[in-house]
Amino acid sequence: MARASLSPRFLFGIAGLVFLIIIPAISTTGFFLHMATVILLWTMLCLSLNIIFGYGGQLSLAHGGLFGAGAYVYGVLVTKLSIDFWLAFPMAGAATGIIGLLIGIPSLRLKGPYFVIVTLGFNIILVAIIRNLTSLTGGVNGLVGIPGPGMIPGPFFALDFNSKTSQYYLILFFLLVFWLVMYFIKDSRIGKCLAAIKEDEDLCQSVGINTMWVKVQTFVLSSILAGLGGVLYASYIGVLTPNDASFHIGFDALVYLTVGGIGSVVGTILGPVIMILISEFLQAVVEIRLFINGLALVILIIFMPKGITGGIAYLWKKLFQTRGKAT
Amino acid sequence: MAELLQQVLNVLVLGSIYCLVASGLTLVYGIMHVPNFAQGNLYMAGAYVVFLLASLFRINYWFVFLATILIMGAVGLVIERVCFRPVRNAPHVNSFVVALGVLMAIEGLIVIFFGADYKEVEAPWKRILDCYGVTIGGQRLLVILGTFLVMAILQFFIKRTKTGMSLDAMSQNKELALMVGINVNQMSLLAFMISTGLAGVAGALMAPVSFVYPAMGMTPLLIAFAAVIFGGMGNLSGAVLGSFIMAGAQVLSIQYFSSVFSDIAIFGIMIAILLFRPKGILGGRG
Amino acid sequence: MEETFSNSGKGDLMVSRGKGMLLTVRNLIKEFGGLQAINNLSFEVNEGEILGIIGPNGAGKSTLFNLLTGVLSPTDGEIIFDEKLVTGLPTHVLAQRGIARTFQTTKIFMDQTVLNNIVIGVVPKTKYSVWNAIMSRRKMKREEDGLLKRCEGVIRFIDLEKKANNFAGELGQEEKKRLAIGIAMSTEPKLLLLDEPTGGINIEEINHLMGIIRKIWSKGITICLIEHKMKMVMELCERIIVLNYGTKIAEGTPQEVRHNEAAIKAYLGEEYAA
């Protein structure tokens with residue numbers, strides 16, 4: 001796939017990447033670094049949602065629960081079973097993948113609004129389970145004292161994750177990996193299948209594509225990524241409550257993704273950046289945030305359904321009038 | 001025996017509320033093909049309107065009740081025009097997202113003005129009736145009677161008035177309705193306003209019964225959805241039947257499971273209904 | 001109008017692949033809540049033949065195709081394809097086994113290029129999992145060339161070379177029909193079910209399409225053709241079955257069917273009613 005290496009998109013991407021990398025260096029306050037870290041975590045969740053919704057066309061409202069499930073599995077593994085981060089991380093990811101499989105297989109047989117409602121129901125069930133397994137999860141009180149990754153001994157120097165900066169880079173590292181995965185999916189055969197299924201599932205079946213299998217795999221991948229995001233959240237914040245699995249988290253991710261641009265890679269980070277900065281700018285207490293998010297969702301889906309990225313692409317096209325055959 | 005009657009009453013009360021919410025839900029889906037996820041929060045908003053007018057402004061409950069219906073109808077007008085009309089011709093998914101946005105905005109607005117704590121509304125009828133060992137509070141009786149009355153009016157409207165019959169026709173066959181000159185825009189708006197009005201009635205009836213709080217609409221939303229799907233989307237009598245069945249299932253599961261697990265049980269039942277009710281759900285292998 | 005469809009021409013092109021029965025339908029019944037859409041239907045399709053399926057509107061022709069492709073499951077009866085019982089198998093499995101179809105409504109991927117439309121048909125023959133997307137990228141890349149060649153072959157076959165990079169939505173009506181056939185062909189089927197492939201196109205275009213159908217047949221692919229245009233059916237098909245109210249009311253060569261009383265009644269009856 002030969003792409004013009006100096007396309008504007010590529011340049012912006014590189015600039016953005018560089019910016020992300022130097023953030024700890026330019027953070028004058030701990031709060032700024034903390035905001036950036038939180039934005040990265042939200043980006044992971046938006047990314048996971050984007051895979052099933054943006055690419056697959058299925059609006060899942062279970063992703064808050066999957067995020068929280070991953071966080072809690074990790075939390076339990078490290079606090080109750082004293083398992084090391086580096087082992088607990090993949091274990092929690094796998095566990096969330098299994099939960100995603102259990103949710104996906106029944107849900108994905110349903111179309112449109114039925115799928116949406118069922119996933120919301122599953123989210124509520126997940127929260128109820130977390131609330132009720134009190135001995136493991138601490139019930140409504142939650143978990144505290146969740147440690148982050150320990151040291152990785154190395155040949156020349158050991159990697160230490162005590163500082164906020166190192167935690168930021170750890171999360172950034174995984175975010176880059178997730179973006180890469182996302183890109184691989186979009187570029188691949190299954191990515192083409194997803195786009196085709198989104199447009200006409202029946203036609204896909206009639207050429208022999210096992211659409212259910214494609215959708216389930218996609219949902220499982222999306223669950224794993226959401227869960228791993230939860231793990232990183234838990235290891236960073238150190239404290240968990242059942243609210244961290246609430247469907248409201250899934251709603252917020254939907255808002256951020258819509259703002260950024262459903263289906264776009266850049267949108268997954270643009271959305272959180274914009275919306276979280278707006279919240280901060282408005283000195284918003286949690287109460288106002290809910291209203292702003294709802295309002296933003298409605299306004300955007302009506303006037304700019306492709307989000308900010310879509311809006312920019314549209315303007316770019318208008319300004320530079322690039323015509324020609326599709327590539 | 002008294003125990004059984006008590007539970008039956010519980011089912012009737014809960015079922016009535018779900019019935020109102022579900023009727024609105026199925027009406028809007030049948031006519032506009034939009035699953036109004038915000039319906040639960042419209043019910044909640046109705047309860048808060050009552051709280052505002054009856055508890056804060058101390059207006060007589062009965063006036064407030066009527067006012068709530070009108071106010072919620074007006075809210076429906078605004079929401080349909082401003083939010084749902086623009087996405088009518090967009091991909092279906094967009095209307096889902098709009099509905100979720102409305103859901104969030106309503107809750108957000110309520111939280112801004114009223115906060116997140118639990119509020120109480122005084123019942124107009126404080127009498128507690130006691131017969132055959134069964135107690136029922138006046139308000140709970142009012143819920144049952146009020147719902148019955150409203151549903152009877154709705155039924156009359158749909159089956160006996162010209163506008164109502166047009167609505168009915170539209171929910172069965174949109175193209176045909178268009179051809180005989182039924183104004184689709186007006187009908188959609190009417191359906192939506194009726195739907196929010198019904199949610200408002202439910203909220204107004206329920207406000208004095210239990211606490212009023214921002215999240216109170218979510219469970220009824222899901223249960224009402226299950227009821228609607230059980231009865232067939234767009235089918236009014238199916239929604240009514242489904243509502244009472246779901247209420248029955250809920251009361252049973254609270255009875256036999258601890259309240260902790262009853263949540264899981266009720267949603268498990270809901271999901272089971274969604275999966276096994278064949279009509280229009282599974283992808284056309286029928 | 002070109003004179004390319006005489007029977008003698010067909011004889012020259014005939015590639016007989018043996019007289020096996022590719023598809024057998026036995027006592028097929030499909031009920032929709034009391035309405036019998038398909039009523040005890042039995043017929044066979046020989047390997048390598050073009051079978052025409054005709055009948056008045058509502059006779060159940062498209063329903064039959066839906067049953068043969070697993071879109072609907074029969075209320076009763078058997079479907080045997082390639083000597084294996086396939087009743088009730090899901091659509092994608094039947095497609096993988098070699099049953100391809102087009103739809104009356106010209107289903108194509110409007111938002112994709114012609115090339116991508118064909119690519120989708122080829123994908124099921126490859127590995128297309130999430131795992132492969134992440135872990136086997138290099139292998140996938142190596143296979144791309146071969147796949148692209150196959151797609152280009154199909155695109156040339158349906159005469160859409162010049163439009164390979166256009167969006168399907170931009171194509172003309174007849175081109176869209178050809179693309180739909182191309183999508184079906186990209187799955188390399190044994191049996192091709194064509195549902196009114198010439199709906200809504202004019203005479204010159206019909207000839208072009210008929211040419212493509214004959215090309216397909218000359219490759220040894222068995223074809224079932226639902227059509228309303230009698231001339232086309234009579235000239236293309238070796239055998240015809242006539243459906244009405246979900247049952248077979250006549251069967252035979254075009255000549256035989258033309259003179260069949262029941263068939264005539266079914267159609268004339270319609271004319272009188274109209």
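What covers the buried residues of helix 4 of chain C? The cover includes helix 8 (189-199) and helix 9 (201-206) of chain A, together with helix 6 (137-157) and helix 7 (173-185) of chain C. A residue is called buried if 20 or more other C-beta atoms lie within 10 Å of its own, exposed if 12 or fewer do, and partly exposed in between, with C-beta atoms placed from the backbone.

## Basis of the model

This is a predicted model, in which local features need pLDDT of at least 70 and side-chain atom pairs count only at pLDDT 80 or more, while totals for chains, interfaces and linings use all residues. Residues are numbered from 1 along each chain as its sequence is written, and chains are lettered from A and ligands numbered from 1 in the order in which they are written.

## Helix 4 of chain C

Helix 4 of chain C covers residues 114-122. Of its 9 residues, 7 are buried, so the helix is largely enclosed by the rest of the structure. The buried positions are C:V114, C:N117, C:I118, C:V119, C:I120, C:G121 and C:V122. Helices (H or I, at least four residues) and strands (E, at least two) are DSSP runs, numbered from the N terminus.

## Chain C as a whole

Chain C holds 11 helices and 10 strands. Its radius of gyration is 19 Å, close to the 19 Å that the globule rule gives for 274 residues, so chain C is as compact as a globular protein of that length. The radius is taken over C-alpha atoms, and the globule rule is 2.2 Å times the number of residues to the power 0.38. The C-alpha trace of chain C spans about 65 × 45 × 40 Å along its principal axes.

Of the 274 residues of chain C, 41% count as buried. Two residues are in contact if their C-beta atoms, placed from the backbone, lie within 7 Å. Among contacts in chain C between residues at least 6 apart in sequence, 69% join residues at least 24 apart.

## Two domains in chain C

Chain C is assigned domain 1 (1-98 + 191-274) and domain 2 (110-188); such bounds come from an automatic or database domain assignment. The centres of the two domains, taken over C-alpha atoms, are 27 Å apart. Their contact takes 12 residues from domain 1 of chain C and 11 residues from domain 2 of chain C.

On the domain 1 side, helix 3 (91-97) and helix 8 (203-218) of chain C are the elements that give two or more residues. Helix 8 of chain C gives the most, with 6 residues. By class, this side has 7 nonpolar, 3 polar and 2 charged residues. Nonpolar here means Ala, Val, Leu, Ile, Met, Phe, Trp, Tyr, Cys and Pro; charged means Asp, Glu, Lys and Arg; the others, Gly among them, are polar.

## Strands of chain C

An open sheet of 6 strands in chain C has the order 6-7-8-3-9-10 and mixed pairing. Two strands pair if DSSP finds at least two bridges between them. Strand 6 (99-101) and strand 10 (247-252) of chain C are the edge strands, each pairing on one side only. Strand 9 (residues 239-244) of chain C pairs with strand 10 of chain C in the antiparallel sense over 5 bridges, and C:I240 stands opposite C:G252 in strand 10.

Elsewhere in chain C, strand 1 (residues 21-32) runs antiparallel to strand 4 (residues 76-81), joined by 5 bridges. In this chain, C:I29 stands opposite C:D76 in strand 4. Strand 4 of chain C also pairs with strand 5 (residues 84-85) of chain C, antiparallel, over 2 bridges. The bridge partner of C:I80 in strand 5 of chain C is C:L85. The hairpin of strands 4 and 5 of chain C has 2 residues between the strands, and C:D82 takes a positive phi near 55° there.

Chain B has 11 helices and 2 strands. Its radius of gyration is 19 Å, which agrees with the value near 19 Å for a compact globule of 286 residues. Of the 286 residues of chain B, 50% count as buried.

The contact between chains A and B takes 33 residues from chain A and 36 residues from chain B. On the chain A side, the elements that give two or more residues are helix 5 (112-132), helix 11 (247-260) and helix 13 (286-303) of chain A. Helix 5 of chain A gives the most, with 13 residues. The residues of this side divide into 24 nonpolar, 6 polar and 3 charged.
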